[in-house]
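Colleague: Before we go through this model together, could you show me the sequence and the structure, so that I can follow each answer on the screen?

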Amino acid sequence: MSIEKLKYVIDNNLLSSMYNTYIEEQKETISPKFKIVISDNFYESQLTFASKRQLEHLQNFDENEKERSNSFNGYLLMPTNEREEFIILLNPLTFDEQNTFIGTFHHEITHMFDYSKYMNDCGIISEEKMFDTEYYHCMYYWSEYHARKLGYTYLRKYVQIIFNLKQEEIVEHIKNTEIPTQMIHLNECTDKYVDNKRADIFIYELVLHYGRMIVWEDYGFKVIEEDIFPKQKLINLLGNASIELYNLLSNMNDYHNAKLKFKDLKNLIVQIDKNHSINNLYRFAMYNLSKQMSEILSSK
Ligand SMILES: [Zn+2]
């Protein structure tokens, strides 16, 4: 099934027409060099395109980490000292009945534009130097939020067209299925944090949830203010900063205004991550940078 869909997408140049629509709607004026690779083994692909530094790191992956790499829907490989283009890896399994690839593809190109601008601003052309920049952590979390937001927005938009859905059907689906499912997941992430105290992982999960929650507002649901959102639990565990993060991110809608608020974002991250588990971020980022939603959105 996914092979037929993949063939259909390629034969009809769907990715390039979606790309052109994205550029137009997001008013992108830069043109990063990139290549799309459909890969059923992300770990092998990462090895293929890795820089020397990344290779050393990747070769130390244990079986769990390899398996985790291979479970991603999409992954963005940044330019390195040896390679100037971005590589967008797409998992063939995302070409499914739910059209998951649409969300994945838009998620990864959002990262690509975000990081291109950040690298330009920092005057760097490869990933290696990026980890040392002052606002790398901010960039990392903000771009995850942004990529989830736009990936989900475009998935919703195209799925509505493909399946000819009425607006009310989507609203019902969000209300009855997506919000409850996602809030269960957020609670599970919170419980994991209680066990492992990895605030870096938790913030990553949180900004992804916030990216989807901000889109739900367009459908009439301000979940952050609803009882189903585990607000008090978050405040108890991670302080008010974990909620303020939502308000801040909701005002960071493109790179231009996001970068003006990186300092505020850094403050919140430091408050939430009191134990500075953020120092693990390099290792974490290497296999998580473009992790896509593992749960597949139902299209109905
Ligand atoms: Zn991502």
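Colleague: In the loop between which helices is asparagine 13 found?

Modeller: The model is predicted, so local features need pLDDT of at least 70 and side-chain atom pairs count only at pLDDT 80 or more, whereas totals for chains, interfaces and linings use all residues. Residues are numbered from 1 along each chain as its sequence is written. Helices (DSSP runs of H or I, at least four residues) and strands (E, at least two) are numbered from the N terminus. Asparagine 13 sits in the loop that joins helix H1 (2-11) and helix H2 (14-25).

Colleague: Is asparagine 13 buried or exposed, and what is its phi?

Modeller: Because 11 other C-beta atoms lie within 10 Å, asparagine 13 is exposed; the cut-offs for other C-beta atoms, placed from the backbone, within 10 Å are 20 or more for buried, 12 or fewer for exposed, and in between for partly exposed. Most residues other than glycine have a negative phi. Asparagine 13, a residue other than glycine, has a positive phi, near 55°.

Colleague: Where does lysine 197 lie, and how many C-beta neighbours does it have inside 10 Å?

Modeller: Lysine 197 belongs to the loop between H9 and H10, and its phi is also a positive value, near 55°. Lysine 197 counts as partly exposed because its C-beta neighbours inside 10 Å number 13.

Colleague: At what angle do the axes of H9 and H10 cross?

Modeller: Helix H9 covers residues 167-196, and its axis comes within 10 Å of that of H10. Axes are lines fitted to C-alpha atoms over the stretch in contact, with angles from 0 to 180 degrees between N-to-C directions. The crossing of H9 and H10 is at roughly 165°.

Colleague: How do the residues of the contact of H9 with H10 divide?

Modeller: Residues are in contact if their C-beta atoms lie within 7 Å. H9 supplies Ile174, Ile179, Gln182, Leu186, Cys189 and Tyr193, while H10 supplies Phe202, Glu205, His209, Arg212 and Trp216. Asp, Glu, Lys and Arg count as charged, Ala, Val, Leu, Ile, Met, Phe, Trp, Tyr, Cys and Pro as nonpolar, and the others, Gly among them, as polar. The contact of H9 with H10 therefore divides into seven nonpolar, two polar and two charged residues.

Colleague: What distance separates the C-alpha atoms of glutamate 178 and arginine 212?

Modeller: Glutamate 178 has its place in helix H9, and it counts as buried because it has 21 C-beta neighbours inside 10 Å. Glutamate 178 and arginine 212 are 34 residues apart along the chain, yet their C-alpha atoms are separated by 9.9 Å.

Colleague: Is H10 oblique or roughly parallel to H12?

Modeller: The axes of H10 (residues 199-218) and H12 (residues 241-249) come within 10 Å and cross at roughly 45°. This angle makes the arrangement of H10 to H12 oblique.

Colleague: Which residues in H12 do Leu206, Val207 and Tyr210 in H10 meet?

Modeller: The residues of this contact of H10 with H12 include six that are nonpolar and one that is polar, with no charged residue. From H10, Leu206, Val207 and Tyr210 meet, in H12, Ser242, Leu245, Tyr246 and Leu249.

Colleague: How many helices and strands does the protein chain have?

Modeller: Buried residues make up 35% of the 300 residues in the protein chain, and its C-alpha trace spans about 45 × 45 × 40 Å along the principal axes. In DSSP runs, the protein chain has 15 helices and three strands.

Note on methods
Parallel < 35°, antiparallel > 145°, perpendicular 65-115°, else oblique. Contact = placed C-beta atoms within 7 Å.
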